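Hello,

Here is the structure I promised to pass on. My notes follow below it.

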Amino acid sequence: MAMIPSFFDNRRGTIFDPFTWEPFKDFPFPPSSLVSHENSAFVNTRIDWKETPEAHVFKADLPGLKKEEVKVEVEDERVLQISGERKVEKEDKSDTWHRVERSNGKFLRRFRLPENARVDEVKASMENGVLTVTVPKEEVKKPDVKAIEISG
């Protein structure tokens, strides 16, 4: 006799609804108030990487940061590293905070560059809170083609 799957959850005595299922509900995760704010900046640093015919272009949203607070480095010859730190705002004892959503702390992102990247010519610029890192690509040499005369 084949078992027919039931949408009835015996543990709770309710009907199983796959659209409201919370797979991590019973795991012991710490409440969000206990998560370190230093990690939140790292998690929220979004970076896009696109490849054009001429270069690899990285764009990072870093609102509120000055270029002096950001580092762009190439390590081990082929690893692009973007890092920085958002400082905690100066607090006044008379201030009453109603909500704190802006992240602060250190962030670090690494990207392994492909073989065609010219790591000695990397350029970086920052405008309106957007960091743009451009890594030029080596020109693809077209193979020399020599016409061979066919005899016969």
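Why is strand S6 (residues 79–86) largely enclosed by the rest of the structure? Seven of its eight residues are buried, so the rest of the structure largely encloses S6. Buried here means under 20% relative accessible area. Please keep in mind that this is a predicted model.

**Around S6**

Strand S5 (residues 70–75) runs antiparallel to S6, and six bridges join the two. Glu 75 is placed opposite Val 79 in S6. S5 and S6 make a hairpin, with three residues between them. Asp 76 sits in that turn and has a positive phi of about 50°.

Strand S7 (residues 105–112) also pairs with S6. That pairing is antiparallel and takes in eight bridges. Arg 86 faces Gly 105 in S7.

**The four-stranded sheet**

Next, an open sheet. Its four strands follow the order S3-S4-S9-S8, and the pairing is antiparallel. Strand S3 (47–51) and strand S8 (123–127) are the edge strands, each pairing on one side only. From one strand to the next, the twist averages 15°.

Take S3 and S4 together. Strand S4 covers residues 55–61 and runs antiparallel to S3, with five bridges joining them. Lys 50 has Val 57 in S4 as its bridge partner. Glu 51 lies opposite His 56, also in S4.

S4 has another partner in strand S9 (residues 130–136). These two pair in the antiparallel sense over seven bridges. His 56 turns up again here, opposite Val 135 in S9. So how enclosed is S4 by the rest of the structure? Largely, because five of its seven residues are buried.

**The largest pocket**

Last, the pocket. The largest pocket has a volume of about 450 Å³. It is lined by 16 residues. Closest to its centre are Lys 87, Glu 89, Arg 102, Ser 103 and Asn 104. What is the make-up of the lining, by nonpolar, polar and charged residues? Eight are charged, five are nonpolar and three are polar.

**To look at when you open the file**

- The turn between S5 and S6, for the positive phi of Asp 76.
- His 56 in S4, which stands opposite Glu 51 and opposite Val 135 in S9.
- The centre of the largest pocket, with Lys 87 and Arg 102 among the closest residues.

Over to you.

Best wishes

Notes: Residues numbered from 1 in each chain as written. Predicted model: local features only at pLDDT ≥ 70, side-chain atom pairs only at ≥ 80, totals over all residues. Heavy atoms only, no water. Pairing = 2+ DSSP bridges. Axes fitted to C-alpha atoms, helices over the stretch in contact; angles between N-to-C directions. 1 Å grid on protein atoms, 1.4 Å probe; cavity = no way out; pocket = protein on both sides within 12 Å on 5 of 7 lines; lining within 4 Å. Points joined across faces, edges and corners; volume = space filled by probe spheres on them. Nonpolar A, V, L, I, M, F, W, Y, C, P; charged D, E, K, R; others polar. Buried < 20%, exposed > 50% of the residue type's maximum accessible area, 1.4 Å probe, protein only.
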